[in-house]
Amino acid sequence: VKVINEDAWFAEGPIWYQDKLFYVEYGRGTVTVWDGKKNEIFWKMDGCGPSAVLPTTTGEFLVTCYDSNSIGRISADGKTLPAYDKDTDGNPFSGPNDFAPDKDGGIYFTGSGKGGPLIDASAYYIGKDGSVRKVAGDLHNANGLVMSSDGKNLYLVETEDNRIIEFDVQPDHSLLHRRVFLRLDDLFPNQPHIWPDGIKMDKAGEMYIGQSPRSLDAPGKIIVVDKDAKLLRMLSVPSPSMPNFAFGPDEKVLYVMALDQIDAAPWHGKVYEVPNK
């Protein structure tokens, strides 16, 4: 395990892109880029509260601005572009959180809602034309999400319910047949409650699940399950919380966003490079 940033402030929502690692730092309000040698700030916006970054098919970047309830847009050279702040029906977002691109050049993202007991979270789809449609509602603290490798299913984390749900993706990118894929606590009976966060899927169809524990007695590991939600293995880093991560080249390593300070700003943590399998 290698530390590539020893002073990250709530690093989240990473992506490996053009031989570099892009990730956000919620505590700094930045998108940071690591080129294999050094970390540099690529973009910064006070009040955004970034939680994920993703390149688009047009060469821009999108960033989920959790605090300002918007989807920030960034040019390829790091300049701020007009943001998305409402869907096609004119309704505002609530806590944009994470992204999942599809093979059609579109992007799904979650709106986490206000958290706690409220069932007020949603999922949206950004089309290639820039339209933003709400495709699911009545979600409980929607968080990470990921497409299946064949593009037929979308998996989505409901953190407050410690579960991952699954939808069938339709040709028009709408979502049908909501169902439970996995309850995390079922994998670890009689152990501290699991708080799932980010999810990714590798080329073999195995799902990697990050965690954001509310206390330090949770398992504190990245959980890997197969297509039938059976536990395969776990990966660990020397930090108690690892909410999100990205695959490196050929999926040989994971770039893990981790927190050491989970109870107060600026949420000191690290970014790790971890051997995979």
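1. F22 is buried, because its relative accessibility is 6% (buried means under 20% relative accessible area, exposed over 50%, partly exposed in between, with a 1.4 Å probe and protein chains only). The model is predicted, so local features need pLDDT of at least 70 and side-chain atom pairs pLDDT 80 or more, while totals for chains, interfaces and linings use all residues. Residues are numbered from 1 along each chain as its sequence is written, and side-chain values use heavy atoms, without hydrogens and water.

2. There are 17 aromatic pairs, counted for rings of Phe, Tyr and Trp (its six-membered ring) with centres within 6.5 Å; planes under 30 degrees apart are stacked, over 60 edge-to-face, the rest tilted. Y17 and F61 are edge-to-face, at 5.6 Å between centres and 90 degrees between planes. Y17 belongs to strand β2 (residues 11-17) and F61 to strand β7 (residues 61-65), 44 residues apart; strands (E, at least two residues) are DSSP runs numbered from the N terminus.

3. F22 and F42 also form a pair, edge-to-face because the centres are 5.6 Å apart and the planes at 85 degrees. Y17, F22, F42 and F61 make up one aromatic cluster.

4. The largest nonpolar core has 17 residues, and those with the most contacts inside it include L139, L154 and F167. Such a core is a set of buried Ala, Val, Leu, Ile, Met, Phe, Trp, Tyr and Cys residues joined through side-chain atoms within 4.5 Å. Among the elements giving two or more residues to this core are β13 (132-139) and β15 (153-158). Another core, of 16 residues, lies apart from it and includes I164 and F181.

Conventions: Helices (H or I, at least four residues) and strands (E, at least two) are DSSP runs, numbered from the N terminus.
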